[in-house]
Amino acid sequence: RITILNTGTESASGVVITDTVVFDTLYFTALEFISMDTLSAADSWAFARDIDTNWQAWGIQPGIENVKGLRWLINTIFPGEARVVKFRVKIK
């Protein structure tokens, strides 16, 4: 679960949240992506199989094979507003 909170006084637009650390085997045990729940929190999402160069197009739901990063797009988040994106992984 990742919580995004706009603590500022202005609306933020085009906010992109990227998580590749959780899939980094230098820091964590190898993980397998299970699912993500983004429909109410993000306007679009993407995933990568290779975090350096292979981000998939926005709006494509990842399969469970070889996911190395997740990315969410929030078009607008208002002052004081919070969004929560969720995903599940399994330790291999």
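Analyst: Phe23 is buried, because its relative accessible area is 7% (buried means under 20%, exposed over 50% and partly exposed in between, with a 1.4 Å probe and protein chains only). This is a predicted model, in which local features need pLDDT of at least 70 and side-chain atom pairs count only at pLDDT 80 or more, while totals for chains, interfaces and linings use all residues. Residues are numbered from 1 along each chain as its sequence is written, and side-chain values use heavy atoms, with hydrogens and water left out.

User: Where is Phe23 found?

Analyst: Phe23 is in the loop between strand 2 (12–19) and strand 3 (31–37), where strands are DSSP runs of E with at least two residues, helices are runs of H or I with at least four, and both are numbered from the N terminus.

User: Which residues is Phe23 in contact with, leaving aside its neighbours within four places in sequence?

Analyst: With those neighbours left aside, Phe23 is in contact with Phe33, Val67, Lys68, Gly69, Leu70, Phe87 and Val89, contact meaning heavy atoms within 4.5 Å. As for Asn6, which is 17 residues from Phe23 along the chain, the two C-alpha atoms are separated by 26 Å.

User: Switching to the whole chain, how many helices and strands are there?

Analyst: The chain has zero helices and six strands, so that the order of elements from the N terminus is β-β-β-β-β-β under the DSSP rule.

User: And what about the radius of gyration of the chain?

Analyst: The radius of gyration of the chain is 14 Å, which agrees with the value near 12 Å that a compact globule of 92 residues would have; the radius is taken over C-alpha atoms, and the globule rule is 2.2 Å times the number of residues to the power 0.38. Along its principal axes, the C-alpha trace spans about 40 × 25 × 20 Å.

User: What percentage of the residues count as buried?

Analyst: Of the 92 residues of the chain, 32% count as buried. The chain exposes about 5600 Å², with carbon and sulfur atoms supplying 51% of that area, as computed by the Shrake-Rupley method with a 1.4 Å probe, where for residues only the protein chains shown count as cover. Among the contacts in the chain with a separation of 6 or more, 69% are accounted for by residues 24 or more positions apart.

User: Where does Trp72 lie, then?

Analyst: Trp72 lies in strand 5 (residues 69–77) and is buried, with a relative accessible area of 0%. The C-alpha atoms of Trp72 and Asp19 are separated by 8.9 Å, although these residues are 53 residues apart along the chain.

User: And where is Gly59 found?

Analyst: Gly59 is found in the loop between strand 4 and strand 5, and it is partly exposed because its relative accessible area is 41%. Apart from neighbours within four places in sequence, Gly59 is in contact with Ser44 and Trp45; Gly59 and Trp45 are 14 residues apart in sequence and 5.2 Å apart in space, C-alpha to C-alpha.

User: Last topic, side-chain pairs: which side chains meet in a salt bridge?

Analyst: The side chains of Arg83 and Glu81 do, at 3.0 Å from N to O, and the count is one salt bridge (a side-chain nitrogen of Lys or Arg within 4 Å of a carboxyl oxygen of Asp or Glu). Arg83 is buried at 14% relative accessible area, whereas Glu81 counts as partly exposed at 22%.
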